Amino acid sequence: MTVPAEVREHCLQARGNARTDGLVPALTLLTRALSPKVPPRGPRGHAVLPKELLDEFAAMEAEDARRDERHDDVPVPGLAVLRPAEEQGAAEAPDGPDAHAWGTGLAWLRLGMSERLREACIAYLAARQVEGTSLLMQQMVKGTLADVLIDHLEIEGVLEELTEGPDGDLVLDRLQQQITRADRTLLRLLGAHGFTADGPGPTAHASELLADVYRGEDT
């Protein structure tokens, strides 16, 4: 069974928001839609959240659930990581959104972010010239961008047909890895610009962090 129509609508909105407005606005809208009352936590109790939602969740949670230490260590303005208190494991955290729906929403959101990165990469390379020729016209660059575009189209097609269950979870995990590889490929095309403070690298890293946290990886 595929995700419900209402969830699918939120997923598609997350993709569009990510592509046009960026990570924090898209994650804010997705969280409000799929996890409006509690932070959406990964298997180890961690959560990646827009900072504007922290106080909202704190006000709604029970007193015992307000013991998380806040770590604003994500290098993207407006984004924070919540780590569970030492005495509070993931199993003790309040119930969050349906895991498959949330994972699907994140995959759509990350696809939108990767498409946004691809567009930024094209614009940057088009403006850079070597011996009077745009970097965008180099054969290797064109070939790499074409490969990333194919990846994005493949991810979109698989997400359109994604179903719930163990097989669907395995597919989601593969898609998250495919998005990460596409992002890293695009960052390599940008050279040093991809990793400067005002470049797209920090946001791409935060997008990858989202996948890791909700797959249960260490943050």
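**Entry 1: setting up**

Before looking anything up, I wrote down my scale: a residue is buried under 20% relative accessible area, exposed over 50%, and partly exposed in between, using a 1.4 Å probe and protein chains only. I also noted that accessible areas come from the Shrake-Rupley method with a 1.4 Å probe, and that for residues only the protein chains shown count as cover.

This is a predicted model, in which local features need pLDDT of at least 70 and side-chain atom pairs count only at pLDDT 80 or more, while totals for chains, interfaces and linings use all residues. Residues are numbered from 1 along each chain as its sequence is written, and side-chain values use heavy atoms, with hydrogens and water left out.

**Entry 2: the overall layout**

I started with the fold. The protein has 7 helices and 5 strands; helices (H or I, at least four residues) and strands (E, at least two) are DSSP runs, numbered from the N terminus. Going along the sequence, I read the pattern α-α-β-α-β-β-α-β-β-α-α-α. I then looked up burial for the protein: 47% of its 219 residues count as buried.

**Entry 3: salt bridges**

Next I went looking for charged pairs. Side chains of opposite charge can pair when their charged atoms come close. My cut-off for a salt bridge is a side-chain nitrogen of Lys or Arg within 4 Å of a carboxyl oxygen of Asp or Glu. How many salt bridges does the structure hold? I found 11.

I looked at Glu160 and Arg8, whose side chains meet in a salt bridge at 2.9 Å, N to O. This pair links distant parts of the chain, with Glu160 in helix 5 and Arg8 in helix 1, 152 residues apart. Are they buried or exposed, I wondered, or in between? Glu160 is partly exposed because its relative accessible area is 31%, and Arg8 is partly exposed as well, at 30%.

Then I turned to Glu115 and Arg15, which form a salt bridge of 2.6 Å, N to O. Here again distant parts of the chain are linked: Glu115 sits in helix 4 (residues 99-127) and Arg15 in helix 1, 100 residues apart. Glu115 has a relative accessible area of 4%, so I wrote it down as buried. Arg15 has 15%, so Arg15 is buried too.

The side chains of Glu119 and Arg19 meet in a salt bridge of 2.6 Å, N to O. Glu119 is in helix 4 and Arg19 in helix 1, 100 residues apart, and this pair also links distant parts of the chain. Glu119 counts as partly exposed because its relative accessibility is 33%. Arg19 has a relative accessible area of 28%, so Arg19 is partly exposed.

Which residues are linked in a network of salt bridges? I listed Arg15, Arg19, Glu115, Glu119 and Glu156.

**Entry 4: a negative patch**

I also checked the surface for charge. Asp98, Glu164, Asp167 and Asp169 form a negative surface patch. Patches are made of residues with over 30% relative accessible area and no salt bridge, with like charges joined within 9 Å and nonpolar side chains (Val, Leu, Ile, Met, Phe, Trp, Tyr) within 5 Å. Lys and Arg count as positive and Asp and Glu as negative, while His and the chain ends are not counted. The place of a charge is taken as NZ of Lys, CZ of Arg, CG of Asp or CD of Glu.

I zoomed in on Glu164, in the loop between helix 5 (139-160) and helix 6 (166-190). Its relative accessibility is 32%, so Glu164 counts as partly exposed.

Gly22 lies in the loop between helix 1 (5-21) and helix 2 (23-34). Gly22 is buried because its relative accessible area is 6%. Gly22 and Met113 are 91 residues apart in sequence, yet their C-alpha atoms are 6.8 Å apart in space.

Gly16 is in helix 1, and at 31% relative accessibility it counts as partly exposed. From Gly16 to Trp108 I noted 92 residues in sequence and 8.8 Å in space, C-alpha to C-alpha.

Tyr124 is in helix 4 and is partly exposed, at 24% relative accessibility. Tyr124 and Ser134 are 10 residues apart along the chain, with 9.9 Å between their C-alpha atoms.

**Entry 5: cysteines**

My last search was for disulfides (pairs of cysteine sulfur atoms within 2.5 Å). The whole structure has 0. I still looked up two cysteines: Cys11 is buried at 0% relative accessible area, and Cys121 is also buried at 0%.
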